[in-house]
Number of protein chains: 2
Amino acid sequence: MPSSRATLIEVAKLAGTSKTSVSRYFGSERERLTAKLQSQIEQAANTLGYQPNLMARGLKGGGSRLLGMLVADIRNPFSVAAVHGVEQAARAHGYSLIVCNTDNDPEQEQTQLASLAAYQVEGLIINAAGQPEPQLQALMHSGIPLVLLDREVRQLDAEVIGLDNTQAIDMALDHLVQQGYRSVLYVSEAPEHASARQERLKRFKQQVKTLGLDSQTLVLNSLDEHSALPTLREFSQRPACAPKAVLCANGNVTLAMVRSFQHLGLTMGSIGLLGIDELEWCELVSPGITTLAQPTDAIGQAAVACLLNQLPQHPGKLAVQALHSPTLIIRGSTSPSG
Amino acid sequence: MPSSRATLIEVAKLAGTSKTSVSRYFGSERERLTAKLQSQIEQAANTLGYQPNLMARGLKGGGSRLLGMLVADIRNPFSVAAVHGVEQAARAHGYSLIVCNTDNDPEQEQTQLASLAAYQVEGLIINAAGQPEPQLQALMHSGIPLVLLDREVRQLDAEVIGLDNTQAIDMALDHLVQQGYRSVLYVSEAPEHASARQERLKRFKQQVKTLGLDSQTLVLNSLDEHSALPTLREFSQRPACAPKAVLCANGNVTLAMVRSFQHLGLTMGSIGLLGIDELEWCELVSPGITTLAQPTDAIGQAAVACLLNQLPQHPGKLAVQALHSPTLIIRGSTSPSG
DNA sequence: CTGTTAGCGCGTTCAC
DNA sequence: GTGAACGCGCTAACAG
């Protein structure tokens with residue numbers, strides 16, 4: 001009936017042996033012990049409910065077996081999916097994950113980063129909200145492996161794992177063109193602090209020229225009910241000889257635009273709608289929203305692999321794919337005929 | 001240019017002082033130091049990029065300042081919202097949160113629980129997937145504060161924080177009755193391992209009698225496309241003299257039932273639909289789905305407060321509300337007239 | 001006010 | 001095969 005946690009020493013005492021043997025038993029040298037000693041230790045540990053103290057273990061140099069992840073917005077479905085992928089991969093390699101959410105607040109980002117470092121994580125997966133170069137540079141400098149997820153950080157020489165944004169835009173535009181749309185409104189959130197948004201926007205502007213499409217871009221400073229309305233109304237009413245479509249840069253934008261469509265009484269399809277990021281409700285909103293799904297599990301796995309490769313213990317032999325291809329999920333919102 | 005983390009000793013050496021002073025500087029006794037010494041230490045710490053090692057601190061007895069949270073399904077929007085609430089509350093009290101996901105797998109639950117304990121968390125918030133009584137009992141026994149979130153665990157004497165399920169069912173049925181529905185199909189996932197589901201189901205059966213409603217229940221063993229179809233078809237075609245409605249026990253069920261409605265070409269409203277759990281897409285699916293929203297932030301906050309109250313350092317003075325009221329969000333899916 | 005000393009729980013030499 | 005002794009980074013007595 002231990003009122004607090006049992007320690008290695010107590011187990012040793014109860015088993016009538018010494019710390020070392022118990023340590024070996026719970027470490028990777030269990031084989032080297034007598035069968036009898038093993039069962040003694042096992043029994044003692046069980047009756048005491050002993051759990052090795054990973055903090056203490058990490059102290060010596062064995063490593064904390066902890067990975068840290070910084071997420072810009074934990075309520076964003078893409079982020080959650082990525083966290084899930086990372087967590088699975090981490091556990092598969094024997095690591096635990098401590099997740100910190102920043103709610104897209106650069107200040108919290110600073111704090112959380114500090115706290116993550118304080119917990120002696122062996123590696124950091126970062127989905128940045130701001131541009132915390134100084135802190136991150138200090139961390140990299142101090143030898144902590146770093147991987148950036150979805151968003152790069154200026155002047156920080158770390159690998160970025162995420163969607164192949166160029167390919168995504170190309171696939172989206174190809175599909176829209178194929179469906180007969182010739183005029184595209186691209187809607188994005190503010191791209192300042194998110195490199196993925198910048199890349200997508202840039203590629204859109206390029207590719208739209210290459211394909212000879214009529215185009216327009218809209219940057220949403222707020223995701224509220226009405227901020228997209230004027231532009232969308234104008235876009236929808238503009239005379240054109242071929243169907244027009246809206247391309248949403250991410251899931252948040254898709255949500256906002258569907259709201260706007262409904263507000264204006266627009267029918268999806270007659271004006272096309274295609275969103276980057278697959279969300280569970282996209283098939284439910286009539287006539288179904290065409291999306292580009294990100295392979296979030298693969299992205300998470302790649303991020304962990306990339307991290308582990310940077311660890312001194314590891315040979316750096318895990319395959320890492322930095323850029324991942326999306327999957328096009330075709331639904332009714334990109335059929336001009338309805 | 002430290003190739004690894006700087007330690008307290010290095011800072012002390014550089015500042016020309018001793019470990020203790022540096023320790024005091026970073027602890028809560030900074031005041032007791034000379035202004036001069038303070039600035040020396042600050043400077044040394046900065047140039048070295050020093051971060052106190054919280055693991056080592058925890059070792060001594062200062063506590064790890066870590067809370068652990070076990071989540072049954074991190075991809076469930078309710079869970080994410082709860083995690084978010086817990087994380088905010090934890091940070092507000094100076095704690096960090098390590099989140100473990102079990103994907104509703106009792107085996108993973110065992111593993112994750114062990115790992116959480118190994119990291120010396122000071123308290124545990126548990127959203128159980130199975131019934132890990134033995135482990136949890138051992139943990140409680142060893143003195144770790146425990147709080148159950150949304151789901152109780154048999155024979156475990158720990159506080160459960162979550163929705164007031166009785167009130168939720170009552171509110172739902174009241175609303176349906178008020179809208180003129182007289183026949184209700186209650187759809188739930190398997191209630192075996194989730195006490196909240198049991199409570200809701202039980203209350204439904206009680207209350208439906210009290211109100212004199214025609215009723216039926218359906219337990220979904222799978223959330224796939226077709227498992228609800230036969231029952232729903234039969235329910236929709238059954239002759240009745242007053243409107244019929246479907247009550248969904250949680251967000252997953254709501255999603256499945258909307259799919260089923262669409263599959264069968266049923267119009268929401270003419271057959272009513274009300275879901276427990278608010279989801280971002282509920283307003284988008286025409287004519288909008290009426291829901292009961294859970295106050296997830298409040299629940300998370302209460303869970304943390306309850307945990308902190310059990311800590312020996314704390315006087316146990318934080319107000320804790322165990323049962324939380326939902327909010328009814330009325331939309332078109334509960335208007336019989338359309 | 002400040003420095004010295006002794007552990008916290010554990011892994012790791014090294015001898016036996 | 002096994003056990004004693006030391007140190008990890010830090011805090012907490014206890015002097016000075």
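Copies are superposed by least squares on the C-alpha atoms of residues with pLDDT of at least 70 in both. On that basis, a rotation of 180° with 0.1 Å of shift along its axis brings chain A onto chain B, with an RMSD of 0.1 Å. The two copies are thus related as by a two-fold rotation axis. Of the interface residues of chain A, 100% are also interface residues in chain B, so the copies meet through the same surface; contact here means heavy atoms within 4.5 Å.

The model is predicted: local features need pLDDT of at least 70 and side-chain atom pairs count only at pLDDT 80 or more, while totals for chains, interfaces and linings use all residues. Residues are numbered from 1 along each chain as its sequence is written, chains are lettered from A and ligands numbered from 1 in the order in which they are written, and side-chain values use heavy atoms, with hydrogens and water left out.

Helices (H or I, at least four residues) and strands (E, at least two) are DSSP runs, numbered from the N terminus.

Two strands count as paired if DSSP finds at least two bridges between them. The two open sheets are set out below.

| Strand order (chain A) | Strands | Pairing | Edge strands |
|---|---|---|---|
| β7-β6-β8-β9-β10-β12 | 6 | mixed | β7 (214–220) and β12 (327–329) |

Strand β5 (residues 160–163) of chain A pairs with β11(A) in the parallel sense over 2 bridges, and L163(A) stands opposite H324(A) in β11(A).

The mixed sheet has the order β7-β6-β8-β9-β10-β12 in chain A. Its edge strands, β7 and β12 of chain A, each pair on one side only, and the twist averages 20° from one strand to the next. Strand β10 (residues 290–293) of chain A and β12(A) pair in the antiparallel sense over 3 bridges; A293(A) has T327(A) as its bridge partner in β12(A).

**Helix packing**

Helix α11 (residues 251–264) of chain A lies across β6 (183–189), β7, β8 (244–248) and β9 (271–276) of chain A, and runs at about 155° to β9(A). Axes are lines fitted to C-alpha atoms, for helices over the stretch in contact, and angles run from 0 to 180 degrees between N-to-C directions.

Helix α10 (residues 229–237) of chain A packs on α11(A) at an angle of about 60°, with the axes 10 Å apart. To this contact α10(A) contributes L229(A), L232(A) and R233(A), and α11(A) contributes M257(A), S260(A), F261(A), H263(A) and L264(A). These residues divide into 5 nonpolar, 2 polar and 1 charged, where Ala, Val, Leu, Ile, Met, Phe, Trp, Tyr, Cys and Pro count as nonpolar, Asp, Glu, Lys and Arg as charged, and the others, Gly among them, as polar.

**Backbone features in loops**

A cis peptide bond with omega of about 0° joins S286(A) and P287(A), and P287(A) lies in the loop between β9 and β10 of chain A. In chain B, a cis peptide bond joins S286(B) and P287(B), with omega of about 0°; P287(B) is in the loop between β9 (271–276) and β10 (290–293) of chain B. N104(A), although not a glycine, has a positive phi of about 60°, and is found in the loop between β2 and α6 (106–118) of chain A.
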